[in-house]
Amino acid sequence: MLELHGLEVFGYHGVLPEEARDGQVLLFDVELEVNEPAGDQVHDAVDYRDLAAAVEEVSNGRRYDLIETLAAAVAGLLVERFPTTRVRVRVRKPRPAGIAAEWAGATAERRS
C-alpha cells in the first residue's frame, strides 16, 4: 500500500460563489494498492512526486462544484496512470463555509 496524506492543493472548487472566486486549499489523502518494488530505486516504484502531480493535474484541469466529483476524477486518473489494483482518494475541505466543522470530505474508490 502506497499512501500520500494531507497533500495540499489550492483549487477553485465548490458551489458557493466565494469558493469559485477566491479558491481554497483542499487536502488530498491518496492510497494505492501496488506491488512491492522489485528493488530499492525510485524507478522500481511509484514516485510520490508523480502521484502528487497527477492530483494537481486533475484539480487544476477544471472547476468542480462537488468534491465528490473531484475525488472520483482523481481516482479515475490514478487507476489509469499507475500500476495499481485499487485506488482510494479522499478530498477534504478544511473549515467548510457555513458550518462549524473541522473539515468536510468525500471519498472515491476505483479498481483496475
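Me: How many aromatic pairs does this predicted model hold, and what makes the pair of phenylalanine 10 and tyrosine 12 edge-to-face?

Reply: In this predicted model, the count comes to one aromatic pair. The ring centres of phenylalanine 10 and tyrosine 12 are 5.4 Å apart, and their planes meet at 80°; since centres within 6.5 Å make a pair and planes over 60 degrees apart count as edge-to-face, the pair of phenylalanine 10 and tyrosine 12 is edge-to-face.

Me: Why are phenylalanine 10 and tyrosine 12 called partly exposed?

Reply: Phenylalanine 10 has a relative accessible area of 43%, and tyrosine 12 has 40%. Because buried means under 20% and exposed means over 50%, with partly exposed in between, phenylalanine 10 counts as partly exposed, and tyrosine 12 also counts as partly exposed.

Me: Which residues form the nonpolar patch on the surface, and what makes valine 25 partly exposed?

Reply: The patch is formed by Phe10, Tyr12 and Val25, which together have about 270 Å² of accessible area.

Me: Is serine 59 buried or exposed, and how do you know?

Reply: The relative accessibility of serine 59 is 4%, and because buried means under 20%, serine 59 counts as buried. Serine 59 has its place in helix 2 (residues 48-61), and, leaving aside neighbours within four places in sequence, its contacts are Val9, Phe10, Gly11, His13, Phe28 and Leu70.

Me: How do you know that the charged end of arginine 62 sits over the ring of tyrosine 64?

Reply: The charged end of arginine 62 is 4.0 Å from the centre of the tyrosine 64 ring and sits over that ring, where the distance has to be within 6 Å. The charged end of arginine 92 likewise sits over the ring of tryptophan 103, at 5.4 Å from its centre.

Me: What makes the contact of glutamate 19 and lysine 93 a salt bridge, and which parts does the pair tie together?

Reply: The distance from N to O between the side chains of glutamate 19 and lysine 93 is 2.8 Å, and because a salt bridge needs the nitrogen within 4 Å of the carboxyl oxygen, the two side chains meet in a salt bridge. Glutamate 19 lies in helix 1 (residues 17-22) and lysine 93 in strand 3 (residues 86-94), so the pair ties together parts that are 74 residues apart in sequence. Glutamate 19 is buried at 9% relative accessibility, and lysine 93 is buried with a relative accessible area of 10%.

Me: Why is the pair of glutamate 57 and arginine 81 said to tie together parts of the chain?

Reply: The side chains of glutamate 57 and arginine 81 meet in a salt bridge at 2.8 Å, N to O. Glutamate 57 lies in helix 2 and arginine 81 in helix 3 (residues 67-81), so the pair ties together parts that are 24 residues apart in sequence.

Me: Which residues are linked with Arg86 and Glu109 in a network of salt bridges?

Reply: The network links Arg86 and Glu109 with Glu31, Glu33 and Arg111. Arginine 86 and glutamate 109 meet in a salt bridge at 3.4 Å, N to O; arginine 86 is in strand 3 and glutamate 109 in strand 4 (residues 103-111), 23 residues apart.

Key:
Residues numbered from 1 in each chain as written. Predicted model: local features only at pLDDT ≥ 70, side-chain atom pairs only at ≥ 80, totals over all residues. Heavy atoms only, no water. Helix = DSSP H or I, 4+ residues; strand = E, 2+ residues; numbered from the N terminus. Buried < 20%, exposed > 50% of the residue type's maximum accessible area, 1.4 Å probe, protein only. Contact = heavy atoms within 4.5 Å. Phe/Tyr/Trp six-rings, centres within 6.5 Å; stacked < 30°, edge-to-face > 60°. Lys NZ or Arg CZ within 6 Å of the ring centre and 35° of its normal. Patch = residues over 30% accessible without salt bridge, like charges linked within 9 Å, V, L, I, M, F, W, Y side chains within 5 Å. Areas by Shrake-Rupley, 256 points an atom, 1.4 Å probe, with all protein chains shown as cover.
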